[in-house]
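Here are my notes after a first pass through the model, as promised. They go residue by residue to begin with and then out to the chains.

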Amino acid sequence: MDKLIKMAWRNIWRNKRRTLITIASIFFAVFFAVIMRAFQLGTYEHMIHQAIESFTGYIQIQDKEFFDDPSLDNSFKYGGELANIVENNKEIKVAVPRVASFSLASTGMQSKGVLVTGIDPLREKELSNPEIRIVKYRLTIEAIEKIMAETKLPKKQLELLKIHEKGSFSSWAGLALGLSLSGSLEDELKPIITKHTKFEGQYLKVDDDGVLVSDRLSKYLMAEVGDTITLLGLGYHGVTAAGIFPVRGIVKIPSPDLDNKLVYMTLSKSQQFFDLGNRITSLNINLYDPDEMMEVQSELLASINSDKYTVKNWEEFNPTMKQQIEGDSVGGVIFIGILYFIVLFGIFGTVLMMVAERKREFGVMVAIGMKKAKLVVILFIEMIFLGFIGMATGLGAAAPLIVLGNKNPIRMTGEMAKMYEDMGFDPVMPLAWFDNYFVWQGVIIMIMVILACIFPLEGVRKMKVMNALKA
Amino acid sequence: MKVIEIENLNKIYKESEIEVHAVNGVTLDFEEGEFAAIVGPSGSGKTTLLNMIGGLDDPTSGEVIVGGSSMSKLKGAELTDFRLHNIGFVFQSYNLIPVLTAKENTEFVMRLQGLSAKVCETRSEELLNIVGLGERMNARPNKLSGGQQQRVAVARALASKPKFVLADEPTANLDSKSTETLLEIMEKLNREENITFIFSTHDARVVKKARRVITLEDGKILSDVTKNGGE
Ligand SMILES: Nc1ncnc2c1ncn2[C@@H]1O[C@H](COP(=O)(O)OP(=O)(O)OP(=O)(O)O)[C@@H](O)[C@H]1O
Ligand SMILES: [Mg+2]
């Protein structure tokens with residue numbers, strides 16, 4: 001066997017150029033397929049993380065009727081047996097009670113439909129954690145003018161200031177990154193920029209009677225910290241819910257859609273506002289391992305009182321996102337499929353030529369006593385070599401990019417970023433960390449190599465010695 | 001002892017309407033230790049006959065019996081195996097496997113026979129020394145001259161310890177010096193090791209060395225002459 005492998009290895013280097021071209025085509029196919037897939041899956045993961053893990057949770061327990069009719073009348077009391085079941089499930093990282101209902105928000109100048117969300121300020125830190133999203137700096141037009149008047153900025157930072165005009169930041173690190181500040185430049189500019197962009201704002205206290213307004217919404221309503229907003233809605237059993245609330249802080253929500261409509265208040269305040277007593281509309285659950293979602297869902301479904309409650313996973317309560325991801329994913333898979341198909345024909349051509357130009361040699365080998373089956377094995381090993389080298393180098397070249405692109409996701413700027421945000425995506429493109437998809441690209445290319453071998457090698461198996469000797 | 005018995009062997013090629021009787025009712029025997037040349041004009045059927053003797057081509061009718069067993073019963077892998085263990089081949093050109101060195105080419109058939117690495121190595125070195133290529137054992141075919149390549153081919157043909165060696169115009173592509181060397185080696189092996197050689201040729205000097213000369217014409221044996229006591 002080692003002799004056959006040795007022969008195969010020497011054979012592939014007989015035509016160096018063709019071997020290199022074949023390897024290169026496999027290399028590029030694998031490389032691009034992996035990188036493309038990593039971008040896709042990374043973006044989905046990011047979307048899911050932003051929308052699901054950082055807001056809705058993977059699973060929600062609701063009143064049975066709430067899913068089809070999300071009215072406050074279909075709310076429920078949380079506690080007792082249900083709480084027991086949830087708290088005893090080892091896969092559940094956190095379960096937060098929420099009240100969510102639409103209302104009309106108004107400041108003197110603007111009004112807009114908003115999603116009033118009642119949260120437990122302490123427990124919510126483990127799910128959407130609005131505290132770290134409180135806006136601390138804002139690059140208002142006036143702030144930018146003042147900064148420019150006070151100091152002379154390098155060209156790059158000037159451009160970035162323009163791009164981030166009206167942008168909000170929840171930390172200095174985020175702002176420094178956005179303006180590409182570091183080292184001595186950062187030290188020099190920090191006091192000046194801070195002075196003009198610093199933004200007051202506080203997270204909700206446990207017994208707070210104020211609200212947090214999402215960033216885009218606050219800009220639309222022209223609501224600042226310290227202002228008040230009027231909320232008008234429909235409460236439990238059709239009572240009118242109305243109230244005036246001071247704005248405690250602005251939160252920057254990474255999902256642009258939510259960022260346009262979210263108003264947070266404490267759970268108790270929302271229950272009071274909507275006249276809900278101690279009822280909630282959903283229990284939002286985060287998991288230790290998202291892959292266990294289906295498992296946990298069915299466990300919960302099996303143990304809760306299904307006459308009263310239902311358990312939905314994010315794919316059910318956010319079907320739009322699921323469809324978006326699936327549609328996009330199919331597009332990517334088709335593209336990769338076409339890429340592989342082209343490569344399949346390239347490999348096929350290589351095998352055909354390899355076999356055709358060595359016909360006489362095969363004839364001699366079989367004449368002097370080598371079985372055709374062995375010959376086929378040598379040829380097959382040659383192709384596996386080519387496939388493997390192309391695959392290994394392709395994966396090898398993609399791997400460092402994946403590490404890099406996963407740890408430092410590409411953050412889009414300018415026009416591109418705007419386009420993404422308009423479509424409702426966070427303009428970030430991380431590469432997915434190594435997972436099945438990575439291995440699969442390798443497996444698929446090897447399958448392609450094997451497929452490409454079938455027909456030509458079958459020809460060798462059927463070859464007539466006499467004809468081969470005459471070639 | 002008879003190594004090969006050929007009985008009423010025929011090969012008819014049909015090309016559209018025309019039938020070519022390439023080998024026409026040949027009956028022949030070869031004894032162990034023969035040094036026989038098959039001669040005749042181009043198209044007389046030499047290659048066709050040798051290929052059928054070597055089990056590379058199927059006769060239209062008739063039989064080739066090697067060492068007592070008929071080859072016509074064998075098919076596919078069995079026939080390949082039969083060739084491996086009984087017949088040595090030297091072709092006109094491009095005999096050798098390009099990616100293997102002279103030594104590896106010689107070892108190749110022994111490896112196929114399943115002999116141990118040690119045995120293969122010793123025997124291939126010995127054979128290459130006999131054909132005068134002891135110094136060039138690790139050269140690949142493209143680094144060897146045409147004559148040297150043919151000598152490696154002879155060494156390889158002998159490596160499997162076959163019952164006989166078939167060579168179809170082994171010297172056709174060689175100059176007269178190389179032809180002479182190759183012939184000397186074959187003769188010596190025949191004389192000293194009692195190896196049976198059957199070869200076809202156009203070359204009068206090669207014919208002169210043969211102890212038996214079979215002349216074909218239009219697929220039939222025209223004459224079959226055995227010289228007494230060699231030259
Ligand atoms: N595959 C084939 N199909 C049809 N006819 C063939 C085939 N092979 C050989 N022939 C014919 O059979 C006859 C004998 O051919 P063969 O090759 O045996 O002659 P040869 O004596 O070896 O000639 P040369 O000295 O030129 O090598 C020729 O008439 C040739 O045209
Ligand atoms: Mg011929």
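1. Let me start with A:N129, which is buried because its relative accessible area is 17%, and the cut-off for buried is under 20%. This is a predicted model, by the way, so please read every value here as computed from it. A:N129 sits in the loop of chain A that runs between β4 (111–119) and β5 (137–138). Have a look at the backbone there too: phi of A:N129 is near 40°, a positive value in a residue that isn't glycine.

2. A:H237 is the other backbone angle I'd flag. Its phi is positive, about 55°, and again the residue is not a glycine. You'll find A:H237 in the loop between β8 (228–234) and β9 (240–251) of chain A. Is A:H237 buried or exposed? Its relative accessibility is 57%, so A:H237 counts as exposed.

3. Next, A:T350. This one belongs to helix α13 of chain A, which covers residues 319–357. A:T350 counts as buried because its relative accessibility is 7%. Which residues does A:T350 touch, leaving aside those up to four places away in sequence? The answer is A:R18, A:T22 and A:L386.

4. On to chain A as a whole. It carries 18 helices and 15 strands. The radius of gyration is 31 Å, while a compact globule of 471 residues would come in near 23 Å. Along the principal axes, the C-alpha trace of chain A spans about 95 × 65 × 30 Å.

5. Domain 1 of chain A is made of 2–51 + 321–470, and domain 2 is 92–290. How far apart do the C-alpha centres of the two domains of chain A lie? They are 47 Å apart.

6. A few totals for chain A. Buried residues account for 51% of its 471 residues. Taking contacts between residues at least 6 apart in sequence, 79% join residues at least 24 apart. The accessible surface of chain A is about 22300 Å², with 60% of that belonging to carbon and sulfur atoms. On charge, chain A has 52 positive and 52 negative side chains, and the centres of those two sets lie 14 Å apart.

7. Now chain B, with seven helices and 10 strands. A compact globule of 231 residues would have a radius of gyration near 17 Å, and chain B has 17 Å, so the two agree. Its C-alpha trace spans about 50 × 40 × 40 Å along the principal axes. Buried residues make up 55% of chain B, and 68% of its contacts with a separation of 6 or more are between residues 24 or more positions apart.

8. The surface and charge of chain B go together here. Chain B has 28 positive and 33 negative side chains, and the centres of the two sets are 5 Å apart.

9. Last one: B:C120, in helix α4 (residues 117–130) of chain B. Why does B:C120 count as buried? Because its relative accessibility is 0%. Not counting residues up to four places away in sequence, B:C120 touches B:E107, B:M110, B:R111 and B:L115. B:G76 is 44 residues from B:C120 in sequence, and their C-alpha atoms are 26 Å apart in space.

Notes. Residues are numbered from 1 along each chain as its sequence is written. Chains are lettered from A and ligands numbered from 1 in the order in which they are written. This is a predicted model: local features need pLDDT of at least 70, side-chain atom pairs count only at pLDDT 80 or more; totals for chains, interfaces and linings use all residues. Side-chain values use heavy atoms; hydrogens and water are left out. Helices (H or I, at least four residues) and strands (E, at least two) are DSSP runs, numbered from the N terminus. The radius of gyration is taken over C-alpha atoms; the globule rule is 2.2 Å times the number of residues to the power 0.38. Buried means under 20% relative accessible area, exposed over 50%, partly exposed in between (1.4 Å probe, protein chains only). Contact means heavy atoms within 4.5 Å. Accessible areas come from the Shrake-Rupley method with a 1.4 Å probe; for residues, only the protein chains shown count as cover. Lys and Arg count as positive and Asp and Glu as negative; His and the chain ends are not counted. The place of a charge is taken as NZ of Lys, CZ of Arg, CG of Asp or CD of Glu. Domain bounds come from an automatic or database domain assignment.
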